[in-house]
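Hi everyone, thanks for making time. I'd like to walk you through one protein model today, so let's get it up on the screen.

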Amino acid sequence: MKLYFAPLEGITGYLYRNAYYDHFSGVDKYFTPFLSPNQNRALNPKEIRDILPGNNKAIPLVPQILTNCGEFFLRAAQELEETYGYEEVNLNLGCPSRTVAAKGKGAGFLAKPEALDCFFQEVFGKIKIRVSVKTRIGVDEPGEFRHLMKIFNQYPLHELIIHPRVQKDYYENSPDWQTFREAVETSRNSVCYNGDIFTVEDFKRFRQVFPEVDRVMLGRGLLRNPLLAEEIKKEIKKSDFASAAEEQEQRTKGEGSAKEDVERLKAFHDRLYADYRSVMYGEKNVLFKMKEFWVYAGCSFPGTEKCLKKIRKASRLAEYEGAVLEIWESRRHETMS
């Protein structure tokens, strides 16, 4: 089973990736937030900083490209390959943002299947490196995906990563597993699943229905619980235990690691906080990034709602640090009781 870290615009940049990579395991591949080439340049300075090999040492990273123009895609892919050494790029057909979709990009590109087919013809006629695709199943209705799949099947995609919602769902409603089942059965390319895997139990339910799928992309689930990939890998390994005694031994080890997990989460937070402070100007900018972090990470700290409210209301870093300290002390107390 391969686990991928989905890109989230404005959150999973190189500072986040490095801090995560240094403190947790279980993720086999990371994807960058989308790069947006245009007629003037393949990559802008901010995008270059995010994909620089020196800013992503040892991280198995795939740059994601957002465009509906084959020429722009090829120009960006060429620069990523020849200048920065990348061997794979990913096309974003999944972003549901109204602003993005209105421009015919991201999931909005799915509304024009003929243009998408022409795009792939141009790209695969010239591309040298691997191309994977992250897609939704349509714009308005899941039935659109049958035609889209016929297009995808004409081209040698390295992977087809499917988030089984339509663009207009955004992140509402449940992922459409029936359409995903049809994709698994008809795709000529390797298929990866993405969507609403927030817990180990979510993963187990998915595996019961799709035991043949050997790759899953995690997004908001990892932001909420950075340990999720490790927990899933442990769950998979558990099924390989030869005896009940080994399973009990593993359970005992897990019970003893709760305090260690809290310390790792704190170390991860502290590293991220320090890195943001080192590159960002002004307390407000740092506070914005860290408040965004807690929007997701706060889900892993039930019972700390008052502290999380203090974080949301903090206007100075000193206030923020005090509220965060309360959270760590509360969690340490829980693991000792």
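Okay, let's start at strand β7, residues 160–162: three bridges join β7 to β8, and the two run parallel. If you want a spot to look at, find Ile162, which stands opposite Tyr193 in β8.

Now zoom out. β7 and β8 belong to an open sheet of nine strands, with parallel pairing, in the order β3-β2-β1-β9-β8-β7-β6-β5-β4. Which strands are at the edges? Those are β3 (61–62) and β4 (64–65), each pairing on one side only.

Next, the helices. α7 lies across β7 and β8, at about 165° to β8. Helix α5, residues 113–126, lies across β5 (88–93) and β6 (130–135), and runs at about 170° to β5.

My pick for today is helix α8, residues 200–209. Which of its residues are buried? They are Val200, Asp202, Phe203 and Phe206. Looking down the axis of α8, these buried residues fall within an arc of 155°, so they line one face of the helix. Remember that an α-helix has 3.6 residues a turn, so residues three or four places apart point the same way. And what do the buried residues of α8 pack against? The partners are α7 (177–186), β8 (191–194), β9 (215–218) and α10 (228–238).

One last thing: this is a predicted model. Its pLDDT averages 93, and 94% of the residues score at least 70. Over residues 252–256, though, pLDDT stays under 50, and the model has zero contacts there beyond four places in sequence.

Methods. Residues are numbered from 1 along each chain as its sequence is written. This is a predicted model: local features need pLDDT of at least 70, side-chain atom pairs count only at pLDDT 80 or more; totals for chains, interfaces and linings use all residues. Side-chain values use heavy atoms; hydrogens and water are left out. pLDDT is the predictor's confidence in each residue, from 0 to 100. Contact means heavy atoms within 4.5 Å. Buried means under 20% relative accessible area, exposed over 50%, partly exposed in between (1.4 Å probe, protein chains only). Helices (H or I, at least four residues) and strands (E, at least two) are DSSP runs, numbered from the N terminus. The arc is that of the directions from the helix axis to the C-beta atoms. Two strands pair if DSSP finds at least two bridges between them. Axes are lines fitted to C-alpha atoms, for helices over the stretch in contact, and angles run from 0 to 180 degrees between N-to-C directions.
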